[in-house]
Amino acid sequence: MEFYDIVIVGGGPAGLAAAASAKKNGIDKILILERDCELGGILNQCIHNGFGLHTFKEELTGPEYAGRFIKEVKELGIEYRLNTMVMDISTGDEFENRADDRNDVKIKDEANDKIVTAMNRTDGLFHIAAKTVILAMGCRERARGALNIPGYRPAGIFSAGTAQRLVNIEGYMPGRKVVILGSGDIGLIMARRMTLEGATVQVVAELMPYSGGLKRNIVQCLDDFKIPLKLSHTVVDIKGRERVEGITLAQVDEHNKPIEGTEEFYECDTLLLSCGLIPENEISKTAGVELNPVTSGPVVNESLETNVPGVFACGNVLHVHDLVDYVSEEATAAGRHAAEYVKNGGDKSCDGKEISITATGGVRYTVPSTINTAQMDDTVTVRFRVGAVYKNCYIAVYLDDKQLQHRKRPVMAPGEMEQVVLKKKQLIETDNPRTITIKIEEA
């Protein structure tokens, strides 16, 4: 059995930033477990620019941005293992019970430690005892099976992320005549990338009446290349048995049902799917972590700690971000709080009031979901997404019946994350505060 203070699951931008932060806050025994063959995560295949404007005040490509953190992790002497898959996270007590049953290795006197079970080709199956675990596994794309698209299963259907890896890392072109379903940021970026590589992107179709991507990506990736975006449209048929020969688009009504008579056929050899991202939380479930039904990510408090003591979460495994700069900022906070947890032996001050955060009136969710005034920093950033497009409205924040903020926003859309900053001073001024409410109000 190996022993570490902090084990970080995932070596992408979140895991790297969390590790560097924990090290700078006085923790030496840190281990990053990464299932890929190199650190950096999804950024390695994001060769376009636009990263780092908030973090480094300059424009970088994805690999350049990741490289800054990889260099820092190596300079700090943080240990990491590649090609290593984490299979399970359990508590020391659970592990001891299983060890009794199979006469297996036991942990020393650390019954409250988390036991991380992982495997790779060098060490086989092995166990690591950690005082704290940081979940930083990122997210995955929604597959075709979840989209209920009729038709056969011919070659030529790819998720946008798979196509991005094929083009940018493997050096293969998925096809020459392309239709993209879904207007998430990866789909928008791949519309531009495929065009630059010589393919013809005929149309980007989006089921919802609004785009799921950033406004700047719509302008730079579609408008600049005269690629049409059809909102409230979806694929209703795929033609071809061996290879995609074409697809049929149809307009949908307010219930997302295809409208008869609106069908359009597009001849193509490739269909890219960019229909949403889902936090990668299978391991989190087995560890007993409570998940938010809206985000599919863990429910966390102001310290980014889950309901399982000593298990923290950050980055896209927590909720899908639109900017990697925010991922790094969030992961830095998670690393710092994990370090404090280790140094304090898991003890917490119970003097503060735990205040729940309610998302309503157009706000779909918030991260975090609760705030303890004794444990919070001077300020806490609460991030959220709205459920529709709002124009000339206000973000309103209430502490019980007291209004804390009322900030006007010219436009808000589901594709762009919003945030409010709560001040500790305002929260402790109120006697026995119970609920913070964040909602959208009309002008």
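I started with Ala396, which has its place in strand E22 (residues 390–399). Strands here are DSSP runs of E with at least two residues, helices are runs of H or I with at least four, and both are numbered from the N terminus. Before going on, I noted that this is a predicted model, where local features need pLDDT of at least 70, side-chain atom pairs count only at pLDDT 80 or more, and totals for chains, interfaces and linings use all residues. Residues are numbered from 1 along each chain as its sequence is written, and side-chain values use heavy atoms, with hydrogens and water left out.

**Ala396, continued.** Is Ala396 buried or exposed? Ala396 counts as buried because its relative accessibility is 0%; the cut-offs are under 20% relative accessible area for buried, over 50% for exposed and partly exposed in between, with a 1.4 Å probe and protein chains only. I then looked for touching residues, where contact means heavy atoms within 4.5 Å. Not counting residues up to four places away in sequence, Ala396 touches Gln405, His406, Thr437, Ile438, Lys439 and Glu441. Ile438 is 42 residues from Ala396 along the chain, yet their C-alpha atoms are separated by 5.8 Å.

**Ala199.** This one sits in the loop between helix H5 (185–196) and strand E10 (200–206). Ala199 has 7% relative accessibility, so it counts as buried. Which residues does Ala199 contact, leaving aside neighbours within four places in sequence? I found Met173, Gly175, Arg176, Val178 and Met194. I also checked Lys177, 22 residues from Ala199 along the chain, and the C-alpha atoms of the two are separated by 5.9 Å.

**H4 and H5.** Two packed helices are described by the angle between their axes and the distance between the axes. Axes are lines fitted to C-alpha atoms, for helices over the stretch in contact, and angles run from 0 to 180 degrees between N-to-C directions. The axes of H4 (residues 160–170) and H5 come within 9 Å and cross at roughly 35°. On the H5 side, the contact includes Arg193 and Met194. I sorted the contact residues into seven nonpolar, four polar and one charged. Ala, Val, Leu, Ile, Met, Phe, Trp, Tyr, Cys and Pro count as nonpolar, Asp, Glu, Lys and Arg as charged, and the others, Gly among them, as polar.

**H1 and H2.** Helix H1 (residues 13–24) packs against helix H2 (residues 62–75) at about 35°, with the axes 9 Å apart. Leu16, Ala17, Ala20 and Lys24 of H1 meet Ala66, Phe69, Ile70, Glu72 and Val73 of H2. By class I get seven nonpolar, no polar and two charged.

On a 1 Å grid over the protein atoms alone, a cavity is a set of points where a 1.4 Å probe fits but cannot get out, while a pocket is an open set with protein on both sides within 12 Å along at least five of seven lines; lining residues have an atom within 4 Å of a point. Grid points are joined across faces, edges and corners, and a volume is the space filled by probe spheres set on the points.

How many cavities of 30 Å³ or more does the structure hold? I found one. The largest cavity has a volume of about 40 Å³, and its lining includes Asn292, Pro298 and Tyr365.

Of its 18 lining residues, Lys215, Val389, Val411, Ala413 and Glu416 are the closest to its centre. Strand E23 gives the most to this lining, with three residues.
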